[in-house]
Amino acid sequence: MMITCKIYEQQEEDRYLGRRTMATDDSKCKLESFVTYNKKILGAGLNYMDIIKSRHLPIPEEPILFLKPSTSLIQEGQNIIIPKVFSKVAHEVELACVIGRRCRNVSKGSAMQFVGGYCLALDMTAQCSLQVARSKGLPWSLGKGFDTSTPVSRLFTPDEIQDPHKLELWLKVNGNIRQTGNTGDMIFKIPDIIEYASKHMTLEPCDIILTGTPGGADPVAAGDVIECGLGDLVEMKFEVKAE
């Protein structure tokens, strides 16, 4: 009887794990619809050398990662909404990579095999909240994860972006250049971030990794129009509104 119960329990566990695998399989999570199927967003903070130098900060020894909820995602045609609770929200233009296959404990050498594509992204940040959080050693979640704080473009396949570390980033507010940079200036490259993140959590298809922003991130106000681009591949535009 004991053996029969153990066999039954194993069969149930196998079925459960099978359902979990199916739910995160590439075929169930079409990468073109990564916004719809996204489960989590990871962001890399202080990952551009110009920011480190301008703030006279020590170079991080490991990636500085934070989480954002999928409810923060928007695409063109939607507005960026500044919540009433925040007085200072800034733009941050970034390259994002989209995970294509479920992975855990990935080595740096094999990390790019798990990249399903890339997109242009904004990591809108409530600097007023983040400054307090940093000074008190608190999480960044509130200042990073508010609704509409992660605008993204369409997906670009790895064939369309063969070297993600040689791309120009730019951002304008009301027609004026605010940010320019090159992804080659990242301190931790995409394989470094995937290796580090996957040591701590499972990465699943359609998960998004924001790779950091160059200097020039400044506050925006209701009525502003943000335009940004990734080389000559894509541009996107969003209007900023107050809650």
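## The nonpolar cores

The largest nonpolar core has 50 residues, and Leu122, Ile194 and Ile226 have the most contacts inside it. A nonpolar core here is a set of buried Ala, Val, Leu, Ile, Met, Phe, Trp, Tyr and Cys residues joined through side-chain atoms within 4.5 Å. Buried means under 20% relative accessible area, exposed means over 50%, and partly exposed lies in between (1.4 Å probe, protein chains only). A second, separate core of 13 residues includes Phe34, Ala96, Ala121 and Leu210. In soluble globular proteins, nonpolar side chains tend to be buried together.

Let's look at Ile226. Leaving out residues up to four places away in sequence, Ile226 touches Ile80, His91, Leu122, Met124, Leu171, Lys172, Val173, Val220, Met236, Lys237, Phe238 and Val240. A contact means heavy atoms within 4.5 Å.

## About the model

This is a predicted model, in which local features need pLDDT of at least 70 and side-chain atom pairs count only at pLDDT 80 or more, while totals for chains, interfaces and linings use all residues. Residues are numbered from 1 along each chain as its sequence is written, and side-chain values use heavy atoms, with hydrogens and water left out.

## Overall fold

The protein has six helices and 15 strands. These are DSSP runs numbered from the N terminus, with helices being H or I of at least four residues and strands being E of at least two. Of the 243 residues, 49% count as buried. Among contacts with a separation of 6 or more, 78% come from residues 24 or more positions apart.

## Helix 6, an enclosed helix

Helix 6 (residues 190–200) is largely enclosed by the rest of the structure, because eight of its eleven residues are buried. Those buried residues are Ile190, Pro191, Asp192, Ile193, Ile194, Tyr196, Ala197 and Ser198. Their cover includes strand 1, strand 2 (64–68), strand 6 (93–99), strand 7 (115–122) and strand 12 (208–210).

## The largest pocket

The largest pocket has a volume of about 330 Å³. On a 1 Å grid over the protein atoms alone, a pocket is an open set of points with protein on both sides within 12 Å along at least five of seven lines, and lining residues have an atom within 4 Å of a point. Grid points are joined across faces, edges and corners, and the volume is the space filled by probe spheres set on the points.

The pocket is lined by 25 residues, with Ile51, Arg55, Glu92, Arg134 and Ala217 nearest its centre. Strand 1 (41–45), helix 3 (49–54) and helix 4 (127–136) each supply at least two lining residues, and helix 4 gives the largest share, four residues. By class, the lining has eight nonpolar, ten polar and seven charged residues. Nonpolar covers Ala, Val, Leu, Ile, Met, Phe, Trp, Tyr, Cys and Pro; charged covers Asp, Glu, Lys and Arg; the others, Gly among them, are polar.

## Cysteines and backbone details

The structure holds zero disulfides (pairs of cysteine sulfur atoms within 2.5 Å). Cys97 is in no disulfide, and the nearest cysteine sulfur, that of Cys119, is 8.7 Å away. Cys97 is buried, with a relative accessible area of 0%.

Most residues other than glycine have a negative phi. Cys206, in the loop between helix 6 and strand 12, has a positive phi of about 80 degrees and is buried at 0% relative accessible area. Asn174 has a positive phi of about 55 degrees and sits in the loop between strand 10 (168–173) and strand 11 (176–182). At 44% relative accessibility, Asn174 is partly exposed.

Methods. 1 Å grid on protein atoms, 1.4 Å probe; cavity = no way out; pocket = protein on both sides within 12 Å on 5 of 7 lines; lining within 4 Å.
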